[in-house]
Amino acid sequence: MKSIPLLDLQKQYLSIKKEIKGSIDEVFNKGRFILGDNVCKLEEEIARYCGAKHAVGVASGTDALELSLAALNIGRGDEVITTPYTFVATTESICKVGARPVFVDIDEKTYNIDPRKVEKKINKKTKAIIPVHLYGQTCDMAPIMKLARKYNLRVIEDTAQSMGAEYKGKKAGSFGDTGTFSFFPSKNLGGYGDGGMIITNNRKIYNTLRNLRSHGCKKKYYHLINGYNSRLDEIQAAVLRVKLRYLGDWNDAREKNAQYYNLLFKDLTDKCIIPFKPEENKHVYCLYTIRASLRNKLSVYLKTKSISSAIYYPIPLHLQKVYKYLDYKKGSMPVSEKVSRDILSLPMYPELTKSEQERVVTEIANFYRKAAK
Ligand SMILES: *Cc1c(COP(=O)(O)O)cnc(C)c1O
């Protein structure tokens with residue numbers, strides 16, 4: 001039986017092999033490996049794609065968050081509101097600059113931060129909100145931006161999983177002070193290694209970010225602020241420029257695949273909850289994530305049928321050992337805790353075929369039929 005992976009990067013590579021090899025070879029020939037033309041052009045192209053004025057390439061999505069916080073002067077003594085239902089990088093960056101993460105539970109339908117629960121957590125120490133656009137669709141940004149204006153808070157959009165997603169016709173990442181992206185290979189726009197990008201409409205933030213990523217200097221060896229070594233690699237930028245040209249098509253293919261999954265799940269609605277997409281959202285399905293009864297057993301069963309699945313995320317951040325000092329108790333984020341017990345991501349990538357999707361859902365149906373006996 002042919003296995004169905006969660007993501008198939010080999011298939012994608014084979015479809016663009018010639019272009020990728022050509023662009024990498026060009027970098028090798030030129031011999032400029034740090035902040036060359038490709039980084040510069042990719043920044044322009046991504047800013048344009050996202051409808052933002054500026055973009056700054058950095059070493060990873062995690063660094064994109066940390067440099068954003070640093071550029072906005074957030075640090076010791078400050079609080080930053082975010083979701084406990086995200087990858088740890090979101091809160092890692094908050095802690096790295098010396099600030100304290102404050103968790104707000106998620107909405108049970110979208111799995112994104114629940115804007116209705118944010119205001120209660122705002123106090124004098126609150127400096128920023130980091131909404132995370134999980135699985136490929138944006139948070140409900142209108143009420144978040146409204147709160148940010150009311151309390152003069154900064155907004156950093158963690159858009160690592162949602163490049164190309166839209167909210168009311170506007171691209172994810174372009175609402176806040178900055179929007180951060182990751183080029184980790186498994187993201188919708190993935191490199192062949194680590195990489196990240198920050199977009200902003202604010203010229204001052206843009207200039208600060210450019211200094212921060214390169215040891216705090218504008219002119220070489222004239223250091224203005226304490227900076228980082230966090231640059232997007234020229235080779236990765238060359239790869240990503242090729243891939244960016246296909247991102248729209250790939251995201252559309254993911255959307256089509258999601259719609260087909262939704263159709264296939266029609267007879268399983270008593271066992272599985274399919275992704276919910278509000279009307280105003282364009283979802284780019286970085287992951288196709290369902291909630292499934294008997295989740296753990298189902299996942300093991302699928303594995304025996306050579307079908308991959310994954311749990312994003314098994315333990316919400318407020319219950320992780322590393323955040324014990326924040327003193328959140330079990331039961332304090334009930335929706336995140338509930339969702340973490342039955343969430344399951346299924347194979348999803350542009351090249352996934354209809355027959356593969358049929359096999360995935362047929363096996364899920366088989367599992368529940370056998371479990372009922
Ligand atoms: C992947 C991811 C990141 C981190 O990106 P890296 O490039 O791996 O550092 C941050 N936040 C979220 C939500 C992610 O999914």
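This is a predicted model: local features need pLDDT of at least 70, side-chain atom pairs count only at pLDDT 80 or more; totals for chains, interfaces and linings use all residues.
Biologist: Which residues surrounding the ligand are the closest?

Modeller: A residue counts as near a molecule or strand if one of its heavy atoms lies within 4 Å of it. For the ligand, 15 residues make up the surroundings. By class, that shell holds 5 nonpolar, 8 polar and 2 charged residues, where Ala, Val, Leu, Ile, Met, Phe, Trp, Tyr, Cys and Pro are nonpolar, Asp, Glu, Lys and Arg are charged, and the others, Gly among them, are polar. The closest are Gly61, Thr62, Asp158, Ser182 and Lys187.

Biologist: How many Å separate a polar side-chain atom of Thr62 from an oxygen atom of the ligand?

Modeller: Let's work along the polar contacts, meaning pairs of N or O atoms within 3.5 Å; within protein, one must be able to donate a hydrogen and the other to accept it, and residues adjacent in sequence count only if both atoms are side-chain atoms. Gln161 places a polar side-chain atom 2.8 Å from a ligand oxygen, and for Ser182 an N or O atom of the side chain is 2.6 Å from a ligand oxygen. For Thr62, the distance is 2.4 Å.

Biologist: Which elements give two or more residues to the shell around the ligand?

Modeller: Helices (H or I, at least four residues) and strands (E, at least two) are DSSP runs, numbered from the N terminus. Going by those runs, the elements that give two or more residues are α3 (61-71) and α4 (89-96).

Biologist: Is Asp342 buried or exposed?

Modeller: Asp342 forms a salt bridge with Arg291, with the closest N and O atoms 2.8 Å apart; a salt bridge is a side-chain nitrogen of Lys or Arg within 4 Å of a carboxyl oxygen of Asp or Glu. Asp342 lies in helix α9 (residues 334-342) and Arg291 in strand β14 (residues 288-292), so the pair ties together parts 51 residues apart in sequence. Buried means under 20% relative accessible area, exposed over 50%, and partly exposed in between (1.4 Å probe, protein chains only). Like Arg291, Asp342 is buried.

Biologist: What about Lys150, which pairs with Glu119 in a salt bridge: how exposed is Lys150?

Modeller: The closest N and O atoms of Glu119 and Lys150 are 2.8 Å apart. Glu119 is in the loop between β3 (100-103) and β4 (126-130), while Lys150 is in helix α5 (residues 141-151), 31 residues apart. Glu119 is partly exposed because its relative accessible area is 33%. Lys150 counts as exposed, since its value is 57%.

Biologist: How many salt bridges does a search of the whole structure find?

Modeller: Another example is Lys30 with Asp37, at 3.4 Å from N to O. There is also a network of salt bridges linking Asp107, Asp114, Arg116 and Lys117. The search of the whole structure finds 18.

Biologist: Which residues make the nonpolar surface patch of about 290 Å²?

Modeller: Patches are made of residues with over 30% relative accessible area and no salt bridge: like charges are joined within 9 Å, and nonpolar side chains (Val, Leu, Ile, Met, Phe, Trp, Tyr) within 5 Å. One member sits in helix α1 (residues 9-30), and that residue, Phe28, is partly exposed because its relative accessible area is 48%. The patch is made by Phe28, Phe33 and Ile34.

Biologist: Last one: which residues does a cis peptide bond join?

Modeller: Look in the loop between α8 (295-304) and α9, where Tyr313 is found. Omega is about 10° at the bond joining Tyr312 and Tyr313.

Methods. Residues are numbered from 1 along each chain as its sequence is written. Side-chain values use heavy atoms; hydrogens and water are left out. Accessible areas come from the Shrake-Rupley method with a 1.4 Å probe; for residues, only the protein chains shown count as cover.
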